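Please read it alongside the sequence and the coordinates.

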Amino acid sequence: MPVDFTKHFVAVPTEFKLRNNTGCSWKVTVKLMNGRVTLDQGWATYAAVHQIKIGYMVTFKLLTPDTLKVIIFDDDGIEVVNKCGKHDEAFAAKE
């Protein structure tokens, strides 16, 4: 995450819920690496399940202090709509 983004937090949470454009939520942990906040456990699986490819653009919008809305655009700039599919229950965010 950009350093400027993390300035919006009193303390950066240890995990975020990622909410996609169909309302599904996914849990990822947050890690400090080389002075930057990064998405850690759960992100690689999220990216694989949602078929995020090189060339895609992923945007994040802060909805609540621990929830980010994620919108994925393909390499043509078209929004990718992902239905809630079966995914690792360890990372499914409970509503």
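## Aromatic cluster

With a relative accessibility of 1%, Y46 counts as buried, where buried means under 20% relative accessible area, exposed over 50% and partly exposed in between, for a 1.4 Å probe and protein chains only. This is a predicted model, in which local features need pLDDT of at least 70 and side-chain atom pairs count only at pLDDT 80 or more, while totals for chains, interfaces and linings use all residues. Residues are numbered from 1 along each chain as its sequence is written, and side-chain values use heavy atoms, with hydrogens and water left out.

W43 and Y46 form a stacked aromatic pair, 5.4 Å centre to centre with 20° between the planes; rings of Phe, Tyr and Trp (its six-membered ring) pair if their centres lie within 6.5 Å, and planes under 30 degrees apart count as stacked, over 60 as edge-to-face and the rest as tilted. The count comes to three aromatic pairs. In the pair of W26 and Y46 the ring centres are 5.7 Å apart and the planes stand at 75°, so this pair is edge-to-face. Because W26 lies in strand β2 and Y46 in helix α2, the pair ties together parts that are 20 residues apart in sequence; helices (H or I, at least four residues) and strands (E, at least two) are DSSP runs, numbered from the N terminus. W26 is buried at 2%, whereas W43 is partly exposed at 23%, and W26, W43, Y46 and F60 form one aromatic cluster.

## Nonpolar core

The largest nonpolar core has 13 residues, and those with the most contacts inside it are F16, L18, V28 and Y46; such a core is a set of buried Ala, Val, Leu, Ile, Met, Phe, Trp, Tyr and Cys residues joined through side-chain atoms within 4.5 Å. Two or more residues are given to this core by each of β1 (15-19), β2, β3 and β5 (67-73).

## Strands β2 and β3

Strands β2 (residues 25-33) and β3 run antiparallel and are joined by four bridges, at least two DSSP bridges being needed for two strands to pair.

## The surroundings of H50

H50 sits in the loop between α2 (43-49) and β4 (57-64) and counts as buried at 7% relative accessibility. A polar atom of the H50 side chain lies 2.9 Å from the backbone oxygen of Y46.

Definitions and conventions
A polar contact is a pair of N or O atoms within 3.5 Å; within protein, one must be able to donate a hydrogen and the other to accept it, and residues adjacent in sequence count only if both atoms are side-chain atoms.
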